[in-house]
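Let's take a walk through a protein model together.

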Amino acid sequence: MQDRTRRGGAVAPGTDLSLRARELRVLHDAILSGLRPTKAPPVRELVVRSWRRVMATGLAADASNARDPLPLAEVERRRTASALTLVIDELRHVLTSVADASSYLMVVTDADGVVLWREGSTRVRRQADSLGFTEGALWTEQTVGTNAIGTALAEAAPVELFSAEHFAQAQHPWYCSARPIHDPRTGELLGVVDVSGPALTLHPTIRVLVESAVRLAEARLGDLHRERLDRLRRTAEPLLVGARGPLLVVDDLGWVAHQAGLARRDRVQVPQQHHPLAVPGLGICLPERLAEGWLLRPESAEARMSARLIAAERVLEVDSADGPWRAPLTARHVELLRLLAGAPAAGLTAAELSNRVYGDPDHAVTIRAELSRLRRSVGALVESHPYRISRDVRFRIEEGVTPEA
């Protein structure tokens, strides 16, 4: 059977749900016992992958379903910190009325798989309580076995599970449809939206309903982002009266709210206090804090930044217009700064740096990750595409005093 992970639901339209549930229970018990049944339609590849992951953790299909949810105070803290708080009403509007009418639950988790909201049928909530499927519960594959929420997190894709496709036997009476939800500004995973209920009441429109709810919530997050940029632009206007030269006003994630004197840009590197930033078209900028964002404009030639790498101490000392600051470094970052300091004027690619560090070009992804972490520490000192020490920085290396053994 073709894997319908990304194309459709757990069961085909018109399927006899009672018959399919019985077939799946037989398949579940046989496969987990090491047998290879052939009479019933096979288990989907998605489900087999998940069962393998779960079995590797040592969980047993007939294990107790007792759960220890997080304290309510921690759930509230996670809700407050989550961008999903901004769109929970949109999700309720699309899903909760259907959940009440159809005896389903709407469940929303954070990116860790912790249940933050659970709403819907009182009867089904009581059934979910017996599973420990409550607010504050961690609902990942590692803790509760194959389930739509945890498997959606593991597969980074929408997941629908029916009956004995769940690993734990106690979850076999359930149907679940889950879809990851992302921050449209960054692509960051915010959590999972799920609808769950009795397996034999599965309706083919539930999967589409969950997809619609997630798309609506992500669109609303995008609208709120644009509203915040508009507010930042209005707030900054009085400060920009009479300002000369090119500049940018950006939010805390680097999204541009206002620009003047340079080609259009949508986003720059995330600004940090006291960390000079290299911006194409502006050069070296020292971010200036605004009420809800940052002002970026070029430093004067007299304020050119200088940096000193004290290799033995794994420390970078920087002198900029905003005053001196220090950044501790890892041994790998010291090595990369050495290589960049000796690089040709054109800079080095990730593959070329991989050759110098590892002796082959096969670790370019690792190099890019290390350089991303390095640039978060040292700001505009390191340019990318290709990588090199910024030409606007006076850079030198001192070996320092190696501590005695």
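Predicted model: local features only at pLDDT ≥ 70, side-chain atom pairs only at ≥ 80, totals over all residues.

Residues are numbered from 1 along each chain as its sequence is written, and side-chain values use heavy atoms, with hydrogens and water left out. The labels H and E come from DSSP runs numbered from the N terminus: helices are H or I runs of at least four residues, and strands are E runs of at least two.

Let's go to a sheet. Five strands form an open sheet in the order E2-E1-E5-E4-E3, with antiparallel pairing (two strands pair if DSSP finds at least two bridges between them). Its edge strands are E2 (115-120) and E3 (159-162), each pairing on one side only. From one strand to the next, the twist averages 15°.

Now look at how neighbours line up. Strands E4 (residues 174-182) and E5 (residues 189-198) are antiparallel and share nine bridges; Arg 179 has Val 193 in E5 as its bridge partner.

Over residues 108-219, the chain is 32% helix and 29% strand.

Next stop, helix H2 (residues 45-57). Why do its ends agree with expectation? At 1.5 Å a residue, its 13 residues should span 18 Å, and its end C-alpha atoms are 19 Å apart, which agrees (the expected span is 1.5 Å times one less than the number of residues). Which residues of H2 are buried? They are Leu 46, Val 47, Ser 50, Trp 51 and Val 54. These cover an arc of only 130° around the axis, which puts them on the same side of H2; the arc is that of the directions from the helix axis to the C-beta atoms. The general rule is that an α-helix has 3.6 residues a turn, so residues three or four places apart point the same way. The face of H2 turned away from the buried side carries the exposed residues Arg 52 and Ala 56. Among the elements covering the buried residues of H2 are helix H1 (17-32) and E3, where contact means heavy atoms within 4.5 Å. After H2 comes Gly 58, whose phi is positive, near 90°.

Helix H9 (residues 331-341) has its own buried set: His 333, Val 334, Leu 336, Leu 337 and Leu 340. Seen down the axis of H9, these fall within an arc of 165°, so they line one face of the helix.

Finally, find the open sheet of four strands, ordered E7-E6-E11-E10 with antiparallel pairing. Its edge strands are E7 (256-260) and E10 (288-289), each pairing on one side only. E10 and E11 (residues 294-296) pair over two bridges, and Glu 288 has Leu 295 in E11 as its bridge partner.

Technical notes: Axes fitted to C-alpha atoms, helices over the stretch in contact; angles between N-to-C directions. Buried < 20%, exposed > 50% of the residue type's maximum accessible area, 1.4 Å probe, protein only.
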